[in-house]
Amino acid sequence: MLACALAALVACTVSLLATAVPIARLFAPIADCVEDQRGFKYLDDRDLINFVDGTENPRGTERVAAVLVPSGTYAGGTHLLIQTYLDRQAEWNALTIEDQEGVIGRTKFDDIEIPDAEKKPFAHNVKSKVEIDGTEIKMFRQNRAIGTAKEHGTMFVGFAAEASTLTTSLRQMITADADGNYDHLLDFVTATTGAMYFVPPQAFLDAMTG
Ligand code: HEM
(Lines give C-alpha, C1' and ligand atoms only; values in the text may rest on other atoms or scores of the structure.)
Protein backbone atom coordinates (compact mmCIF):
# COMPACT_ATOMS: atom_id res chain seq x y z
CA MET A 1 0.00 0.00 0.00
CA LEU A 2 2.81 2.40 0.88
CA ALA A 3 4.49 1.70 -2.43
CA CYS A 4 1.28 2.43 -4.30
CA ALA A 5 0.69 5.66 -2.40
CA LEU A 6 4.17 6.88 -3.15
CA ALA A 7 3.90 5.85 -6.77
CA ALA A 8 0.61 7.70 -7.10
CA LEU A 9 2.02 10.77 -5.39
CA VAL A 10 5.16 10.95 -7.48
CA ALA A 11 3.17 10.20 -10.60
CA CYS A 12 0.97 13.21 -10.12
CA THR A 13 3.75 15.64 -9.27
CA VAL A 14 6.52 14.90 -11.75
CA SER A 15 6.57 13.60 -15.29
CA LEU A 16 3.86 10.98 -15.01
CA LEU A 17 4.80 7.66 -16.52
CA ALA A 18 8.56 8.20 -16.64
CA THR A 19 8.58 8.13 -12.84
CA ALA A 20 5.59 5.99 -11.88
CA VAL A 21 6.40 3.00 -14.07
CA PRO A 22 9.93 2.38 -12.67
CA ILE A 23 8.65 2.86 -9.09
CA ALA A 24 5.83 0.37 -9.64
CA ARG A 25 8.34 -2.08 -11.15
CA LEU A 26 10.72 -1.62 -8.21
CA PHE A 27 8.04 -2.42 -5.64
CA ALA A 28 6.36 -5.21 -7.63
CA PRO A 29 8.16 -8.06 -5.77
CA ILE A 30 6.87 -6.88 -2.38
CA ALA A 31 3.63 -4.94 -3.01
CA ASP A 32 0.58 -5.11 -5.25
CA CYS A 33 -0.54 -1.90 -6.86
CA VAL A 34 -4.18 -1.64 -5.78
CA GLU A 35 -4.87 1.86 -7.06
CA ASP A 36 -3.37 3.74 -9.98
CA GLN A 37 -4.76 7.26 -10.05
CA ARG A 38 -3.55 9.92 -12.45
CA GLY A 39 -3.60 13.48 -11.06
CA PHE A 40 -2.96 16.68 -12.99
CA LYS A 41 -2.35 20.37 -12.48
CA TYR A 42 -5.38 22.35 -13.66
CA LEU A 43 -5.25 25.96 -14.86
CA ASP A 44 -3.71 28.30 -12.23
CA ASP A 45 -3.58 25.53 -9.57
CA ARG A 46 -7.36 25.19 -9.42
CA ASP A 47 -9.26 22.15 -8.27
CA LEU A 48 -12.24 21.05 -10.36
CA ILE A 49 -14.70 23.07 -8.28
CA ASN A 50 -12.71 25.91 -9.86
CA PHE A 51 -11.09 27.49 -6.80
CA VAL A 52 -7.33 28.02 -6.48
CA ASP A 53 -6.10 25.28 -4.14
CA GLY A 54 -2.93 25.52 -2.04
CA THR A 55 -2.70 29.29 -1.48
CA GLU A 56 -2.33 29.12 2.30
CA ASN A 57 0.39 26.46 2.13
CA PRO A 58 3.51 27.23 4.18
CA ARG A 59 6.59 28.13 2.14
CA GLY A 60 10.38 27.89 2.58
CA THR A 61 11.60 26.95 6.05
CA GLU A 62 8.03 27.16 7.38
CA ARG A 63 7.10 24.35 4.98
CA VAL A 64 10.03 22.19 6.11
CA ALA A 65 8.98 22.63 9.76
CA ALA A 66 5.33 21.86 8.92
CA VAL A 67 6.15 18.64 7.07
CA LEU A 68 9.17 16.90 8.58
CA VAL A 69 9.38 15.04 11.91
CA PRO A 70 11.90 17.25 13.75
CA SER A 71 13.89 14.79 15.90
CA GLY A 72 14.27 11.20 17.09
CA THR A 73 14.52 7.90 15.21
CA TYR A 74 12.15 9.08 12.49
CA ALA A 75 13.57 12.60 12.05
CA GLY A 76 13.09 13.68 8.46
CA GLY A 77 10.07 11.42 7.92
CA THR A 78 6.53 12.70 7.42
CA HIS A 79 2.86 11.74 7.73
CA LEU A 80 0.85 11.60 4.53
CA LEU A 81 -2.92 11.63 4.14
CA ILE A 82 -4.30 10.75 0.72
CA GLN A 83 -8.03 10.90 0.03
CA THR A 84 -9.96 10.82 -3.20
CA TYR A 85 -13.06 13.01 -3.45
CA LEU A 86 -15.51 13.11 -6.35
CA ASP A 87 -17.26 16.43 -6.97
CA ARG A 88 -21.06 16.59 -6.90
CA GLN A 89 -20.76 18.95 -9.82
CA ALA A 90 -24.44 19.61 -10.56
CA GLU A 91 -25.13 20.62 -6.95
CA TRP A 92 -21.99 22.78 -6.80
CA ASN A 93 -22.82 24.52 -10.09
CA ALA A 94 -26.34 25.24 -8.83
CA LEU A 95 -24.87 27.57 -6.17
CA THR A 96 -24.31 31.25 -6.92
CA ILE A 97 -20.66 32.30 -7.03
CA GLU A 98 -21.24 34.20 -3.79
CA ASP A 99 -22.51 31.05 -2.10
CA GLN A 100 -19.56 29.02 -3.45
CA GLU A 101 -17.23 31.67 -2.01
CA GLY A 102 -19.05 31.35 1.33
CA VAL A 103 -18.41 27.59 1.31
CA ILE A 104 -14.67 27.95 0.59
CA GLY A 105 -14.01 31.22 2.49
CA ARG A 106 -12.14 32.82 -0.43
CA THR A 107 -13.15 34.66 -3.59
CA LYS A 108 -13.38 32.52 -6.71
CA PHE A 109 -11.72 34.49 -9.48
CA ASP A 110 -8.93 36.35 -7.67
CA ASP A 111 -8.46 33.94 -4.72
CA ILE A 112 -8.67 36.56 -1.93
CA GLU A 113 -9.38 35.37 1.62
CA ILE A 114 -12.71 36.66 2.92
CA PRO A 115 -12.12 38.79 6.08
CA ASP A 116 -12.61 36.76 9.28
CA ALA A 117 -15.56 38.89 10.41
CA GLU A 118 -17.42 38.12 7.16
CA LYS A 119 -16.49 34.43 6.80
CA LYS A 120 -19.25 31.85 7.17
CA PRO A 121 -18.72 29.63 10.25
CA PHE A 122 -19.11 26.59 7.96
CA ALA A 123 -16.45 27.76 5.47
CA HIS A 124 -13.84 25.19 4.47
CA ASN A 125 -10.97 27.47 5.52
CA VAL A 126 -12.58 28.00 8.94
CA LYS A 127 -13.29 24.34 9.68
CA SER A 128 -10.01 22.91 8.28
CA LYS A 129 -7.64 25.35 10.00
CA VAL A 130 -5.83 23.76 12.97
CA GLU A 131 -4.94 25.91 15.97
CA ILE A 132 -3.50 24.92 19.33
CA ASP A 133 -3.72 27.58 22.06
CA GLY A 134 -4.21 30.26 19.40
CA THR A 135 -1.19 29.17 17.30
CA GLU A 136 -1.91 27.88 13.79
CA ILE A 137 -0.38 24.47 13.02
CA LYS A 138 0.22 24.22 9.30
CA MET A 139 0.16 21.23 6.98
CA PHE A 140 1.38 21.18 3.38
CA ARG A 141 -1.23 20.27 0.77
CA GLN A 142 -0.40 19.17 -2.74
CA ASN A 143 -3.89 18.38 -4.02
CA ARG A 144 -4.35 17.30 -7.60
CA ALA A 145 -7.32 17.38 -9.96
CA ILE A 146 -8.39 13.88 -11.05
CA GLY A 147 -10.87 12.35 -13.45
CA THR A 148 -12.62 13.06 -16.70
CA ALA A 149 -15.21 15.53 -18.00
CA LYS A 150 -17.95 13.16 -16.80
CA GLU A 151 -16.63 12.23 -13.35
CA HIS A 152 -13.95 14.23 -11.59
CA GLY A 153 -12.76 15.58 -8.30
CA THR A 154 -9.77 16.12 -6.06
CA MET A 155 -7.06 13.86 -4.76
CA PHE A 156 -6.27 15.41 -1.39
CA VAL A 157 -2.55 14.95 -0.67
CA GLY A 158 -1.53 16.40 2.69
CA PHE A 159 1.76 16.17 4.61
CA ALA A 160 2.39 17.02 8.27
CA ALA A 161 5.09 16.56 10.87
CA GLU A 162 2.42 15.33 13.33
CA ALA A 163 -0.29 12.91 12.21
CA SER A 164 -2.67 14.71 14.57
CA THR A 165 -2.54 17.87 12.42
CA LEU A 166 -4.17 15.93 9.58
CA THR A 167 -6.66 14.03 11.74
CA THR A 168 -7.63 17.16 13.70
CA SER A 169 -8.32 19.07 10.49
CA LEU A 170 -10.50 16.24 9.18
CA ARG A 171 -12.31 15.86 12.50
CA GLN A 172 -13.08 19.58 12.62
CA MET A 173 -14.44 19.41 9.05
CA ILE A 174 -16.89 16.60 9.77
CA THR A 175 -17.87 17.62 13.32
CA ALA A 176 -20.54 20.27 13.73
CA ASP A 177 -20.00 23.02 16.30
CA ALA A 178 -22.69 23.94 18.86
CA ASP A 179 -24.56 25.86 16.11
CA GLY A 180 -24.50 22.90 13.71
CA ASN A 181 -21.68 24.19 11.50
CA TYR A 182 -19.70 21.40 9.85
CA ASP A 183 -17.60 22.04 6.71
CA HIS A 184 -20.15 22.70 3.97
CA LEU A 185 -17.63 21.71 1.27
CA LEU A 186 -18.56 18.16 2.32
CA ASP A 187 -22.08 18.74 0.93
CA PHE A 188 -20.60 19.01 -2.57
CA VAL A 189 -17.96 16.25 -2.65
CA THR A 190 -18.03 12.52 -1.91
CA ALA A 191 -15.00 10.81 -0.37
CA THR A 192 -14.30 7.56 -2.20
CA THR A 193 -10.93 6.40 -0.82
CA GLY A 194 -8.56 7.49 1.89
CA ALA A 195 -5.57 6.31 3.89
CA MET A 196 -2.91 7.71 6.17
CA TYR A 197 0.73 6.69 5.74
CA PHE A 198 3.95 7.22 7.60
CA VAL A 199 6.78 7.99 5.18
CA PRO A 200 10.07 7.06 6.87
CA PRO A 201 13.21 9.11 6.29
CA GLN A 202 15.89 7.88 3.89
CA ALA A 203 18.36 7.24 6.75
CA PHE A 204 15.87 4.89 8.43
CA LEU A 205 15.35 2.93 5.20
CA ASP A 206 19.11 2.74 4.61
CA ALA A 207 19.59 1.34 8.15
CA MET A 208 16.85 -1.26 7.54
CA THR A 209 18.41 -2.48 4.30
CA GLY A 210 21.97 -2.40 5.64
C1 HEM B 1 -12.52 17.80 -2.07
C2 HEM B 1 -11.56 18.00 -1.22
C3 HEM B 1 -10.95 19.35 -0.96
C4 HEM B 1 -10.97 20.47 -1.74
C5 HEM B 1 -11.60 20.66 -3.12
C6 HEM B 1 -10.26 21.50 -0.99
C7 HEM B 1 -10.07 22.79 -1.45
C8 HEM B 1 -9.49 23.81 -0.71
C9 HEM B 1 -9.40 25.18 -1.13
C10 HEM B 1 -9.94 25.73 -2.44
C11 HEM B 1 -8.78 25.87 -0.13
C12 HEM B 1 -8.50 27.39 -0.08
C13 HEM B 1 -7.22 27.77 -0.72
C14 HEM B 1 -6.00 27.27 -0.01
O15 HEM B 1 -5.54 27.87 0.97
O16 HEM B 1 -5.49 26.24 -0.43
C17 HEM B 1 -8.44 24.92 0.91
C18 HEM B 1 -7.80 25.22 2.08
C19 HEM B 1 -7.46 24.30 3.04
N20 HEM B 1 -7.80 22.98 3.06
FE21 HEM B 1 -8.86 21.99 1.66
N22 HEM B 1 -9.85 20.98 0.20
C23 HEM B 1 -10.25 19.67 0.27
C24 HEM B 1 -10.05 18.79 1.30
C25 HEM B 1 -9.34 19.07 2.43
C26 HEM B 1 -9.04 18.11 3.48
C27 HEM B 1 -9.53 16.66 3.48
C28 HEM B 1 -8.30 18.77 4.41
C29 HEM B 1 -7.73 18.26 5.72
C30 HEM B 1 -7.43 17.00 5.99
C31 HEM B 1 -8.12 20.13 3.95
C32 HEM B 1 -7.38 21.11 4.60
C33 HEM B 1 -7.26 22.41 4.19
C34 HEM B 1 -6.51 23.43 4.93
C35 HEM B 1 -5.74 23.22 6.23
C36 HEM B 1 -6.67 24.62 4.22
C37 HEM B 1 -6.07 25.99 4.59
C38 HEM B 1 -7.01 26.74 5.48
C39 HEM B 1 -6.44 28.12 5.80
O40 HEM B 1 -5.55 28.19 6.63
O41 HEM B 1 -6.89 29.09 5.18
N42 HEM B 1 -8.76 20.28 2.74
N43 HEM B 1 -8.90 23.66 0.53
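Modeller: Leu 43 is exposed, with 10 other C-beta atoms within 10 Å, where exposed stands for 12 or fewer such atoms, buried for 20 or more and partly exposed for the range in between, the C-beta atoms being placed from the backbone. This is a predicted model, in which local features need pLDDT of at least 70 and side-chain atom pairs count only at pLDDT 80 or more, while totals for chains, interfaces and linings use all residues. Residues are numbered from 1 along each chain as its sequence is written. Although Leu 43 is not a glycine, its phi is positive, about 50°, and this residue is found in the loop between β1 (39–40) and α3 (60–67), helices being DSSP runs of H or I with at least four residues and strands runs of E with at least two, numbered from the N terminus. Asn 50 also has its place in the loop between β1 and α3; its phi, near 70°, is positive in a residue other than glycine, and Asn 50 is partly exposed, with 16 other C-beta atoms within 10 Å.

As for the core, the largest nonpolar core has 29 residues, and those touching the most other members include Ala 66, Val 67 and Ala 160; such a core is a set of buried Ala, Val, Leu, Ile, Met, Phe, Trp, Tyr and Cys residues joined through C-beta atoms within 7 Å. Among the elements that each supply at least two residues of this core are α3, β2 (78–87) and β7 (152–160), and the largest share, five residues, comes from β7. Leaving aside neighbours within four places in sequence, Ala 160 is in contact (C-beta atoms, placed from the backbone, within 7 Å) with residues including Ala 66, Val 67 and His 79.

Definitions and conventions:
Two residues are in contact if their C-beta atoms, placed from the backbone, lie within 7 Å.
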